[in-house]
Amino acid sequence: MKFPGTTCEVDVYKALVEASVDAEIVKFKDFDPDKYGAVILPGGFSFGDYLRAGSIAASTETIKKVKEMANEGKIIIGICNGFQILVESGLLEGALLPNLNLRFVSRWVYLKVGRKDTVLTRGLEKEIIKMPIAHSEGRYYHNDPSRAERFAVLYYVGPKGEVDEKYNPNGSLLNIASIANEEGNIIGMMPHPERASFKLTSPDGETDGLLLFRGLKKW
Amino acid sequence: MVKLTLSPFEMEIARKRLGREPNEAEWATIDALWSEHCSYKSSKVYLRSFPSSGERVVMGIEDWQDAGALDVGDGWAIVLKLESHNHPSAIDPFNGSATGVGGIIRDIISKGAIPIALLDMIRVGNLNRERNRWLLKNIIRGIGFYGNSIGVPVVGGELSFDDTYDDNPLVDVAGIGVVRKDKIVPSVVKQAGLKIVIVGLTGLDGLGGASFASRKLSGENEIGAVQIADPFAGKIVLDVTLSIADKVEAIKDLGGGGLVVGVTEMANGFGAVVDLDRVPLRVSDLTPEEILISETQERMLFAVKEERVKEICAEFEYYEYPCAEIGYFTDDSVIRFRYRGKEIVNLPSELLVSPPLFMWEVRKHKRPSIERPKIDIEEAIRKVVSHPDFVSKEWAYSQFDYEVGTSTVIKPGEADAAVIALPNGKLLAVKGDANPDLCENDAYECGKYIVAEAYRNLATVGAKGIGIVDHLQFGDPRKPEVYYTFVEALRGIAEAAKFFNTPVVGGKVSFYNENKEGKAIKPTPLVVMAGLVEDKLLRGSIEEDLSIVMLGLARDEMRGTFLSKLYGNFGETPKVRLNEDLVASELVVQGINRGKILFAKDIGRGGLVSALFSILVRGYGVDIRSNGIKADIGDDLLVKLFSESTGRFIVLTKEPEWFLENKKGVIASVIGKVTKSSGVLKIDDKSLELSKEIDNYYNYFFRVIEND
């Protein structure tokens, strides 16, 4: 899905092709929910993020159509700005607040997989994966931490899987990087799997992002 | 009325050539077109001496379109452009730097090219001053704000500090785009009758920006000349312009000088008729003069065949972006602007595009050399590596979305050059270099030095330079000592560019960079070089026991070095031996291709010490034998460690003998090895523990800036 201001649609498309998932880029006004089994809301700055990140996109007609898909049990994935749109629209619980250090942060992080019953993580063999983050409003918050814990799919961790505040890049509750609904078909994540899907551009040649997108194919 | 920058002499020329007194709108028009920023009136004559042709040059300096282009094979070209936003950034660093990014991006897309990378080269004054910290913080935020929002990765850059930039920071941004060679869109029309279409709203910001950039900062009431950045609008312009690029006849960014300059330059000798009433406005009460010269961002001009106007505008209207036909090109060579039925500008195109050209007086400035001071080597090592010029810039680049586009192969902070994957599978390396301290001492050698350094930087990742864009930043050109450095720097760049076969495909001149007391900045020419990875890419890695091989000769030429900056200018100025840079670079690339090199670093600012420090900060130690370091002065450790003479590298290898056998005229010697003693620099029998300096390396900016 491309909203005005979306920047990562081509990257996600390329990664899906790499993972052998049938995909196309659709502009927000041209979206027909009946044509697709899954939708990805990629990263970027939808409508410039000029209010709260994701809030304008969340109130568009397009998101109403995405909600229809969600009600039918289809797959909805939000990456970065897409995650922000999902929480702004109420498709996922919680909120994404400005990073604790109040600035944009772009870097590679280690992630621990907390749930394997979601569309992206089912059958995933690796416990620790690596991919980059790039956001200024990525601090996940929920007023009920135990609920948040139940939803959590990925945690920011150290290289050996240590869940520690020092590996938390934005101040997220419980180091949470990604959550899903209980059914596991709606997922939001701050890290960018599409940026860890190509050998050449991954610092150590690993393509952990691809492992997640392949989960989409298995669903 | 906005302040004019025309001199009485120039006004007299205009009157004479026109045969009458221009009206107010016409004066504003002439002022914008004849501004230094738009006309290059003080530099054009000399710029013609740059080597601008070559087998890869698709679009060069003579065509001087909005950007230059180089052939990268398989039917693809890269488009290169370098610009600064120095004056606006001094007043409003956030908007100044953000619009600098926006302007570069629009120059790239106006060629029909997809922007794939940005580099930012920032120079500010000492961070002990609060104002400089404020400037830096907002410059970085501004670049991130714009670059991130439009999805173009910042892949590299420089961050450097010197008191000379106290009132006048330098914010240079380079942009790189890719385009099919046969799809490059011109910036000028080739026929009359085409319609002129403008997109975007015209507002009150950026009034007289080009003229503002063509005089020194006055410190009063200049905020109106700064443009306001709107990256969301910029992203729409980017997406839609690329989608319609092959349906229009010409594209031009509305940058310096605004509409009047855009239309006149696009007409390129043809005439034009424009109705200012049809220009979509952000506020309703703009005067016609303001509409003419406003530099509001996120506007583009298209030359469109009549039958396609609707189709073009429909694409912008999908995003509710304003698009309007405002006039047409004529074949009478007269530029006409109308407002409310009245013709307010009627000027021959010839007058506007041919300003009087100047070659100002030159005078060599003699700088005394001091006696060599007593320098404690250990103290000097600690001082150099602790300087903010040499510490990690992670604080800055982590604010940039450098991974967007999934094509950034060598990332910021990783090596001496950034590497980006091109659509044809080739790998493009890019690097920007400047050396104001050397330029202040000898601008000619400095011109050669920065080109040679860029060439070496590219070699360290396995690439060979193919072309450059330059940016010449100086004080007031009418001051003979300033103009002398301009002429000399240009001569040096031209000579080196010719030598390395890296033609100058575009560039920019920025004069009037002075501090409040009217003192010019240190001359700061800058080049950005692009190159292609020849065969193998080097992604550096370090391990214990690797041999450290030094290529090249350290020379007793300490003037203009970083050490001289700290301890006073002593000794002779470096002479750049271009051939040494070439052969040593070729050896490095060959070593990479044969798999003989695990890590390579050129020896530049800070000398051997700063090159070795890059090994230490990666968690290793080094053990050096000083008698292995070849120098032209026998056993002078200071020269061996801090000389910045060119043509030199250090490479880490398991097979040092390969370099000694294959050096072909390059001086090569084993100077030591990598050890596991993290943070320890051992020179002969003396060990230096640098953990404090390494901590400073990683945390300096976070500490200095974030704790404000």
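A polar contact is taken here as a pair of N or O atoms within 3.5 Å; within protein, one atom must be able to donate a hydrogen and the other to accept it, and residues adjacent in sequence count only if both atoms are side-chain atoms. By this criterion, the side chains of Asn175(A) and Asn168(A) are joined by a polar contact of 3.0 Å. The structure is a predicted model, in which local features need pLDDT of at least 70 and side-chain atom pairs count only at pLDDT 80 or more, while totals for chains, interfaces and linings use all residues. Residues are numbered from 1 along each chain as its sequence is written, chains are lettered from A and ligands numbered from 1 in the order in which they are written, and side-chain values use heavy atoms, with hydrogens and water left out.

The model has an ipTM of 0.94 and a pTM of 0.95. For chain B, the average pLDDT (the predictor's confidence in each residue, from 0 to 100) is 94, and 96% of the residues score at least 70.

Between chain A and chain B, about 2,600 Å² is buried, 54% of it on carbon and sulfur atoms; buried area is the accessible area (1.4 Å probe) that two parts lose on being put together, summed over both. Of the area that chain B buries against chain A, 28% is supplied by Phe232(B), Tyr318(B) and Thr406(B), more than by any other three residues. The contact (heavy atoms within 4.5 Å) takes 32 residues from chain A and 34 residues from chain B.

In chain A, Asn175(A) is placed in the loop between strand E7 (152-157) and strand E8 (176-180); helices (H or I, at least four residues) and strands (E, at least two) are DSSP runs, numbered from the N terminus. Asn175(A) has a relative accessible area of 3% and is therefore buried, where buried means under 20% relative accessible area, exposed over 50%, and partly exposed in between (1.4 Å probe, protein chains only). Apart from neighbours within four places in sequence, the residues in contact with Asn175(A) are Leu154(A), Tyr155(A), Tyr156(A), Val163(A), Asp164(A), Glu165(A), Tyr167(A) and Asn168(A).

Helix H24 of chain B comprises the 16 residues 691-706. At 1.5 Å a residue, H24(B) should span 22 Å, and its end C-alpha atoms are 22 Å apart, so the two values agree; the expected span is 1.5 Å times one less than the number of residues. A bend of about 60 degrees occurs in H24(B) at Asn699(B), the bend being the angle between axes fitted to the seven residues ending at a residue and the seven starting there. The buried residues of H24(B) include Glu693(B), Ile694(B), Tyr697(B) and Phe701(B). An α-helix has 3.6 residues a turn, so residues three or four places apart point the same way. The elements of chain B against which the buried residues of H24(B) pack are helices H7 (130-150), H14 (377-386), H15 (394-397) and H21 (607-616), together with strands E5 (154-161) and E26 (686-689).

The loop between H14 and H15 of chain B contains His387(B). With a relative accessible area of 16%, His387(B) is buried. A polar atom of the His387(B) side chain lies 2.9 Å from the backbone nitrogen of Asp389(B). Not counting residues up to four places away in sequence, His387(B) touches Phe161(B) and Phe562(B).

Helix H2 of chain B (residues 24-33) is mostly covered, with 9 of its 10 residues buried. Among the buried residues of H2(B) are Trp27(B), Ile30(B) and Leu33(B). At the start of H2(B), the backbone nitrogen of Ala25(B) is within 3.0 Å of a side-chain oxygen of Asn23(B).

Strand E3 of chain B (residues 76-84) contains Leu82(B), which is buried at 1% relative accessibility. Beyond neighbours within four places in sequence, the contacts of Leu82(B) include Ile104(B), Met121(B), Val173(B), Val469(B), Leu526(B) and Val528(B).

Two residues of chain B other than glycine have positive phi values. For Asn268(B), phi is near 50 degrees; Asn268(B) lies in the loop between helix H10 (258-267) and strand E9 (271-275) and is partly exposed at 47% relative accessibility. For Ser333(B), phi is near 60 degrees; Ser333(B) lies in the loop between strand E11 (323-330) and strand E12 (334-339) and is partly exposed, with a relative accessible area of 32%.
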